[in-house]
Amino acid sequence: MAEFLQQLINGISLGSVYALLALGVTLVWGVLDVLNFAHAQFMTWGTFGTVLFLNRGYSVIVSVLLGMLVAAVLAIVVEEAVVSPLRRRSSDLFAPVVATIGVGFILETALKMRTDGELRPFPRTGFPTGSIAIGNVNVPKLQLVVLITTIVVMVLLGLWLGRTRNGRELRAVAYSREISELLGVNARVSFMTAFAVSGALAALAGTFVSVQTSLISYSSGGPLLLVIFAAIVIGGMGSVPGAVLGGLVLGVSQVMTSAYVSSELADAASFILMLLVLLIRPTGLIPQKAASRA
Amino acid sequence: MTAIDEGTAAAVDAVMPLIEVRGVEKHFQGVAALVDVNLDVFGGEVLGLVGPNGAGKTTLVNAITGYIPPTAGTVHLAGRDITGLSMDRVARLGITRTFQHLRLLEQSSVLENVLLGRHQRFTVRPWTMGRTRVRQEREQREAARALLDELGLAALADTVAAGLPYGVRRRIEIARALAAEPRALLLDEPTAGMTPGDANDIGELIVQTAGTGVAVVLIEHNVGLVTKLSHRIAVLDWGRVIKVGDPGSVWDDERVRAAYIGGVAT
């Protein structure tokens, strides 16, 4: 039982990181109808940003916040320079999606050149070490911090989307750019905001992944991208609670598969689960309502 | 239906136009949709905008509201040049509109739809929590409910918009526009497809709105209705304003009759 609980906590911890990543993707999808393939690179660039500031002696909190800022700025640049111009010129939604694939490659290649393609250590100084015993279960303090931070961020995101003017505007734009502009909402600002928040969340998630593996490379984000897409499909495309649930379900299923079936099947479990959900409930576990998407 | 009475007409601010359209042109790939359009709209009046199909009525509303930029000419709102501003900026300055085809948040409640119109009244910032946010949220909901009550929609506040009858949905759209507390309201065929009873209700609402000092521009094909509701009528034909006058006399104009030959203004 203790082992099962331990694995469950591991799964929730991994799932909460997936949820952070999935939230960013689903936010952009909800507001702009663009599936952002460059999201993994926002994560990697943001994490490298965090590393840069950690190596310069900044505190963990300041470094993480600055890393999030790096990714947010990068995301805004991508949105303004690539995604929005393409959306303005064509109603074809496929063009901006393909463009984000290109942007992803460019960003990954740039990092690869800058880091000589090497795997680098993630500086863990300042991050919590050791573990706390909760009953028979030993929970690493780091994992607990990751989990608590993720929950706090999700609650704040929910409050922001649901209860602030800015969040309302984002949801209005997600439903209809035209209606929202008609009522005085600056849709362009909403687009930038969605991308910026998405980038910042990716950087935070990336830092959490790297601090737990103690490693970072230019290609750290790539393998996670498909898992994130699976998470938002499981949860329901464009649905914020769906992204959180999808991330958690995937995290737990991967850890459990790895622990009790085979670690080689962990990734496959994600996609088997996704296919099952698609077959039984094609709109996902928590489908978005048109007016409450994003 | 409420007819225009002397009291309402007296409310029209005849000194300074709220909206001034000067020399506005709009060309689409060489085709002129608007030609040298000059028009004033005053606060508190209902200005009927009529003309045959393709005359340029919607294009003019689009050019005023920033939906499309005019090719030439200027639009001023209360003396401020708003030519070519984006639709959201024009809306923030006080001009709201409706479209020919309904645009509602279909899966949201009537109240949520109207609250969207009030979003500019939400001044709380993401970091504003606690009592201020709660108070403002409550105030906006109360204001939205009061408006729904005024428009006879209170009982439907928590009903999802999608399944409601067409006439009611039109009222919701107008309620949402009014929730923004606009200085000018531009309505594009608000009674299209309605039963006479529903059209009369919308007519009353339009007159009430103008009575509060709002400038109302009404695109309407129902000649009887537009004649009854409007303080003045502007007639467009082939992108030009061919006549602006009071509803009693405008239909007697030769050019207006010529524009409507075979149409409804007989």
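Predicted model: local features only at pLDDT ≥ 70, side-chain atom pairs only at ≥ 80, totals over all residues.
**Close-up views of chains A and B**

Figure 1. On the side of chain A that touches chain B, the elements that give two or more residues are helix 5 (141-163), helix 6 (165-175) and helix 7 (177-182) of chain A. Helix 6 of chain A gives the most to this side, with 5 residues, and by class the side of chain A that touches chain B has 10 nonpolar, 3 polar and 6 charged residues. The rule finds 1 salt bridge across the interface of chain A and chain B, and in a salt bridge the side chains of E178(A) and R103(B) meet at 2.4 Å, N to O.

**Figure 2. The area buried between chain A and chain B.** The contact draws 19 residues from chain A and 26 residues from chain B. Together the two chains bury about 2400 Å² between them, and 62% of this area lies on carbon and sulfur atoms. Of the area that chain A buries against chain B, 32% is supplied by R165(A), L182(A) and L183(A), which is more than any other three residues supply.

**Figure 3. The open sheet of chain B.** In chain B, 4 strands form an open sheet in the order 2-1-4-5, and the pairing is antiparallel. The edge strands are strand 2 (31-41) and strand 5 (80-81) of chain B, each of which pairs on one side only. Strand 4 (residues 72-77) of chain B is joined to strand 5 of chain B by 2 bridges, and these two strands run antiparallel. Within this part of the sheet, H76(B) stands opposite D81(B), a residue of strand 5 of chain B.

**Figure 4. A hairpin in chain A.** Strand 2 (residues 131-134) of chain A pairs with strand 3 (residues 137-140) of chain A over 4 bridges, in the antiparallel sense. The bridge partner of S131(A) in strand 3 of chain A is P140(A). The hairpin of these strands has 2 residues between them, and in this hairpin G135(A) takes a positive phi near 65°.

**Figure 5. The fold of chain A as the setting for the views above.** Chain A has 11 helices and 4 strands, and along its principal axes the C-alpha trace of chain A spans about 60 × 45 × 35 Å. The radius of gyration of chain A is 19 Å, which agrees with a compact globule, because a globule of that kind with 294 residues would have a radius of gyration near 19 Å.

Methods:
Residues numbered from 1 in each chain as written. Chains lettered and ligands numbered in written order. Heavy atoms only, no water. Contact = heavy atoms within 4.5 Å. Buried area = accessible area lost by both parts, 1.4 Å probe. Salt bridge = Lys/Arg side-chain N within 4 Å of Asp/Glu carboxyl O. Nonpolar A, V, L, I, M, F, W, Y, C, P; charged D, E, K, R; others polar. Pairing = 2+ DSSP bridges. Rg over C-alpha atoms; globule rule 2.2 N^0.38 Å.
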